[in-house]
Amino acid sequence: MSELDGLSLPSVAVHAGRTDLTDLGVHAVPIDLSTTAPLPDVSEARDILDGLIEGRPLPHGASTIYRRAWNPTVARFEQAVAALEGHVPGGTPLDVEGVAFASGMAATHAVILGRVAAGFPHVIAVRPLYGGTDAILETGLLGTTVTYAEPHEIGDHVTDRTGLVVLETPSNPTLELRDIADIVRQAGDVPVMIDNTFASPVLQQPLRHGATYSVHSATKYLGGHGDAMGGVVVASPEVAQSLRPIRTIVGGVMDPFTAYLMLRGIGTLLVRMREQQRSAGEIARWLADQPAVARVFYPGLPGADPDGLIGPQMYGPGAMLAFEMAGGFGAAEKTCRGLRLITHAVSLGGIDTLIEHPASLTHRVVTESAQPHEALLRISVGLEDPADLIADLDQALRLATS
Ligand SMILES: Cc1ncc(COP(=O)(O)O)c(C=O)c1O
């Protein structure tokens, strides 16, 4: 039983990871910068360390030993993400834990490495994927072999060496929605990793649909301000326990100040997402009417959700969108150059609106045959007035087509 049980998602977002602050006599989350911690006697310290080596959460009040193994501020962030990912409206929360990393890629790497180390090096992946995730699989850097499959073909590719199914929903950059429960069913005993970065846990909770791992680039919506880099995996306690030793040994840990910023970001995640999503819908509908635009990708547009996943799986279409310029690469490049309010930059999920050209940047490392369209631009919609964003896009599209 936790203090958060029975609360609705907005209240959990504000209070998760902070429930003990009143008892501590503080209001803001304490940042523990210690790299080492005073030890009790040697035998007790050894027992604590043995627990950490096995990946168990640190017992309350125990010495943290060493920051690469445990940090209390990072643990608060982990509790908060787990509380959102495991939240069940009006029901008992899922028993899940978060494991934070130095970046989204460090989080994804730990999931893959864990499966390879367990003796299952074959991965089935659904494209498109963020370029870094695609590359970590395609290069075989971690000892994997990969089969890229369509979502409905996953079951056909499972072998006794398959250790993981990897996909994004919505996908980066073209925002396809995938039916998590169907993919879990096809995967059978093989764990499914959903990159939940684009949705964030306030719009989608993959573990509720049977996924084994929900992974985030926390650099995006969780932090929300473009000033903190991190990653997090949410999974059952048993699976989380298998990931912590990888993190401790490899050392891809989140730093405590980042965890503080991430936790602060989570407090406003729901209201940010709600507003950004509303603006994204307006912008997507406006773009769809522009002669300079050949095609718009946004899960909230008619026909973009053929499996009816918005509602049952994803509570809303989110705040990411993409569009193809009718005038090809040249028009896409000119559009980016012409924008004044919207910043031409990679990354996403922050309070300000960003635009980028996936084929040149975020997906540059993807093998040529699987690259995004050369005229595709991706927008992360921020908190500006959507009328100002549309005015900016309008003048940039005019410049691009004049
Ligand atoms: C969907 C998705 N997953 C993972 C990552 C990697 O995250 P990070 O840059 O925090 O390592 C990104 C980065 O853009 C992303 O867009």
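**Before you start**

Residues are numbered from 1 along each chain as its sequence is written. Because the model is predicted, local features need pLDDT of at least 70 and side-chain atom pairs count only at pLDDT 80 or more, while totals for chains, interfaces and linings use all residues; side-chain values use heavy atoms, with hydrogens and water left out.

Helices (H or I, at least four residues) and strands (E, at least two) are DSSP runs, numbered from the N terminus.

**Stop 1: α5 and α6**

Select residues 104–117, which form helix α5, and residues 131–138, which form helix α6. Their axes lie 10 Å apart and the packing angle is about 30°. Axes are lines fitted to C-alpha atoms, for helices over the stretch in contact, and angles run from 0 to 180 degrees between N-to-C directions. The angle makes α5 roughly parallel to α6. Angles under 35 degrees count as roughly parallel, over 145 as roughly antiparallel, 65 to 115 as roughly perpendicular and the rest as oblique.

The crossing of α5 and α6 is right-handed. A crossing is right-handed if the near helix is turned clockwise from the far one by less than a right angle, and left-handed if anticlockwise.

Now show the side chains. On α5, the contact (heavy atoms within 4.5 Å) is made by Met-105, Thr-108, His-109 and Ile-112. On α6, the residues are Gly-132, Thr-133, Ile-136 and Leu-137. By class, this contact has four nonpolar, four polar and no charged residues. Ala, Val, Leu, Ile, Met, Phe, Trp, Tyr, Cys and Pro count as nonpolar, Asp, Glu, Lys and Arg as charged, and the others, Gly among them, as polar.

**Stop 2: α5 and α9**

The crossing is right-handed.

From α5, select His-109, Ala-110, Val-111, Leu-113 and Gly-114; from α9, select Leu-243, Ile-246 and Val-250. These residues make the contact, with six nonpolar, two polar and no charged residues by class.

**Stop 3: α10 and α12**

Next select residues 256–288 for helix α10 and residues 386–401 for helix α12. Their axes are 10 Å apart, at an angle of about 30°, and the two helices are therefore roughly parallel to each other. α10 passes α12 in a right-handed crossing.

Ser-279, Glu-282, Ile-283, Trp-286 and Leu-287 of α10 meet Pro-386, Leu-389, Ile-390, Leu-393, Asp-394 and Leu-397 of α12. Eight of the residues in this contact are nonpolar, one is polar and two are charged.

**Stop 4: the largest pocket**

Rolling a probe the size of a water molecule over the atoms shows where empty space is left. On a 1 Å grid over the protein atoms alone, a cavity is a set of points where a 1.4 Å probe fits but cannot get out, and a pocket is an open set with protein on both sides within 12 Å along at least five of seven lines; lining residues have an atom within 4 Å of a point. Grid points are joined across faces, edges and corners, and a volume is the space filled by probe spheres set on the points.

Select Gly-17, His-60, Ala-75, Arg-76 and Gln-79, which lie nearest the centre of the largest pocket. The pocket holds about 1,200 Å³ of space and is lined by 42 residues. The elements giving two or more residues to this lining are α4 (72–85) and β1 (97–101). α4 gives the most, with eight residues. By class, the lining has 21 nonpolar, 12 polar and nine charged residues.

**Stop 5: the cavity**

A search of the whole structure finds one cavity of 30 Å³ or more. The largest cavity has about 70 Å³ of space. Its lining includes Arg-67, Trp-70, Glu-78, Arg-247 and Met-254. α4 gives the most to this lining, with three residues.

**Stop 6: backbone details**

Go to Pro-128, in the loop between β2 (122–125) and α6. The peptide bond from Arg-127 to Pro-128 is cis, with omega near 0°. Then find Pro-170, in the loop between β4 (162–168) and α8 (180–187). The bond from Thr-169 to Pro-170 is cis, with omega near -5°.

End at Ser-200, in the loop between β5 (192–195) and β6 (213–217). Ser-200 has a positive phi of about 70° although it is not a glycine.
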